[in-house]
Amino acid sequence: MPAMPNEKMQQVLDEFTAFGAPPIPSLSAENARQLPTMADAAMAAISKHAMARAMKPVPEPIGRIEHRVIPGAAGDMLLRVYTPDTETTPLPVLVYFHGGGWVIATLDTYDSSCRSLAKEAECIVVSVAYRQAPEHKFPAAADDAFAAFQWVAKNAAELGGDPAHVAIGGESAGGNLAAVVSLMSRDKSATMPVHQLLVYPVLDYAFDTLSYAENADAKPLDKPTMQWFWKMYLESEADGKNPYASPLRATDLSGLPPATVILDEIDPLRSEGEAYAEKLEAAGVPVTATCYKGVTHEFFGMAAGVPEAKQAVEEAAGGLRMTFQRMAGSRAAGSEMIV
C-alpha cells in the first residue's frame with residue numbers, strides 16, 4: 001500500500017489539487033510551463049494556515065540578489081546569485097540547478113530552496129538558467145550545467161566567493177545535472193566540485209523500480225509525467241543509456257565529491273536515489289543519504305510550512321558546511337607546513 005502524506009504535506013497537496021491543472025503529459029511543453037507549481041501550492045497553504053504563517057516570512061529574507069550573464073555551452077546563460085547577510089568574505093559557493101524535468105520551471109520556482117540554503121549553509125548560491133527541452137535536447141542542459149559550474153569555479157572571486165570552495169547541487173532534474181557535472185568534471189580532468197548535494201535526483205532512464213511501482217500515481221510527480229519528461233529530454237532512447245543522462249549507469253563512480261542525498265518517501269525517484277547513494281559508497285565516496293517520511297517530491301523548498309523540509313535543508317546545509325570547514329582546515333594546515 002502506498003505511503004500517505006503527513007498533515008502539512010497534505011495541506012500543500014490539497015492546494016495543488018485545487019488548482020485543477022490538467023495532467024502534464026496531456027500538454028505541450030509550452031502549455032505545461034504555464035501551469036501552477038508546487039511552489040505556488042506551498043505559498044497558498046502557508047497563507048491559509050495560521051500555524052504555518054507564524055513560522056517565518058515568505059519569501060525568506062536574503063542579504064542580496066543579483067544577476068549575471070555568462071557564456072554558456074551555446075550562447076549566453078543567466079545566473080541568479082544569492083548572497084547571505086554576513087560580513088564573512090570570501091564565502092563558499094554552491095552552484096544550484098532547478099528541477100522541472102529539464103522542460104518546465106524557472107529560477108523563480110526554486111527561489112525558496114536557494115534562499116534557505118544560502119542562509120543555512122552560509123554560502124553564496126548561484127542558480128543557473130540552463131537550456132530546456134524539447135527545444136534543446138540532451139545533452140544541452142548537461143553541457144550548460146558543466147559550463148556554468150566551470151565558469152563559477154574560475155570566477156568565484158567576482159561574486160565574493162572562494163574559488164577553492166565551490167560545491168554543486170540541485171533538485172530533481174537539477175539533481176541529475178549536479179551528478180552529471182561531477183562525472184563530467186572528473187572525466188574531463190576539469191575543476192571538481194568539493195561537494196554534491198542531490199535532492200530527489202533523476203538518475204536513470206528506467207521505470208521499473210520499487211518506488212515507481214509504489215508511487216506510479218503519486219502527486220505531484222507520477223510515472224506518466226516522468227516518462228513525458230524523459231521523452232521531451234532525450235533525442236533517442238539510446239541516449240538514456242549515456243551516464244551523462246543516467247548517472248546510475250556509470251560504471252565507475254570513484255573519485256567523485258562527497259555527497260549528501262536527500263530523498264522523500266512518496267516519490268517514483270526514491271529507489272534510484274537510494275541505489276546511487278549505495279553505488280557512491282561502494283566506490284569509496286563519502287555519502288550521507290536520508291529519506292524523509294510522509295512527504296512527496298518537491299517538498300524540499302517548503303521549509304516555511306513543512307517541518308521535514310526544514311530538517312532536510314538543515315541536513316543539506318550541514319553537509320555543505322562540513323565539507324567547506326574540512327577543506328578550510330586542510331588548507332590552513334598546509335599553509336602552516338609551508339611556512
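# Questions on one chain

Trainee: Where does Ala277 have its place?
Mentor: Ala277 sits in one of the helices. Helices are DSSP runs of H or I with at least four residues, strands are E runs of at least two, and the numbering goes from the N terminus. Counted like that, the place of Ala277 is in helix 10 (residues 270–282).

Trainee: What kind of model is this, and how are its residues numbered?
Mentor: It's a predicted model, where local features need pLDDT of at least 70 and side-chain atom pairs count only at pLDDT 80 or more, while totals for chains, interfaces and linings use all residues. Side-chain values use heavy atoms, with hydrogens and water left out, and residues are numbered along each chain as its sequence is written, from 1.

Trainee: Back to Ala277: is it buried or exposed?
Mentor: We go by relative accessible area: under 20% is buried, over 50% is exposed, and in between is partly exposed (1.4 Å probe, protein chains only). Ala277 comes out at 6%, so it counts as buried.

Trainee: Which residues is Ala277 in contact with, leaving aside its neighbours within four places in sequence?
Mentor: Contact means heavy atoms within 4.5 Å. With those neighbours set aside, Ala277 touches Val261, Val287 and Ala289.

Trainee: What share of the residues counts as buried?
Mentor: Picture the C-alpha atoms filling a box of roughly 65 × 50 × 40 Å along the principal axes. Of the 339 residues in the chain, the buried share is 54%.

Trainee: How far apart are the centres of the positive and negative side chains?
Mentor: Lys and Arg count as positive, Asp and Glu as negative, and His and the chain ends stay out. Each charge is placed at NZ of Lys, CZ of Arg, CG of Asp or CD of Glu. The chain has 27 positive and 42 negative side chains, and the distance between the two centres is 2 Å.

Trainee: Trp102 and Tyr233 form an aromatic pair; which kind is it?
Mentor: Rings of Phe, Tyr and Trp (its six-membered ring) pair if their centres lie within 6.5 Å; planes under 30 degrees apart are stacked, over 60 edge-to-face, and the rest tilted. Trp102 and Tyr233 have centres 4.0 Å apart and planes at 5°, and the pair is stacked.

Trainee: How many residues apart in sequence are the parts this pair ties together?
Mentor: Trp102 lies in the loop between strand 3 (91–97) and helix 5 (111–121), whereas Tyr233 is in helix 9 (residues 223–233). Trp102 is buried at 0% relative accessible area, and Tyr233 is buried at 0% as well. The parts that the pair ties together are 131 residues apart.

Trainee: What is the angle between the planes of Trp230 and Tyr233?
Mentor: Both lie in helix 9, three residues apart, about one turn of the helix. Trp230 is buried at 1% relative accessibility. This pair is tilted, with 6.3 Å centre to centre and a plane angle of 55°.

Trainee: Which residues form the aromatic cluster?
Mentor: The structure holds 10 aromatic pairs. One cluster is made of Trp102, Phe138, Tyr205, Phe207, Tyr212, Trp230 and Tyr233.

Trainee: Phe138 is joined to Pro139 by a cis peptide bond; what is its omega?
Mentor: Pro139 lies in the loop between strand 4 and helix 6. Pro134 is in the loop between strand 4 (124–129) and helix 6 (140–155) too, and the bond from Ala133 to Pro134 is cis with omega near 5°. For the cis bond between Phe138 and Pro139, omega is about 10°.

Trainee: Last one: what is phi of Glu122?
Mentor: Glu122 has its place in the loop between helix 5 and strand 4, and at 52% relative accessibility it counts as exposed. Although Glu122 is not a glycine, its phi is positive, at about 55°.
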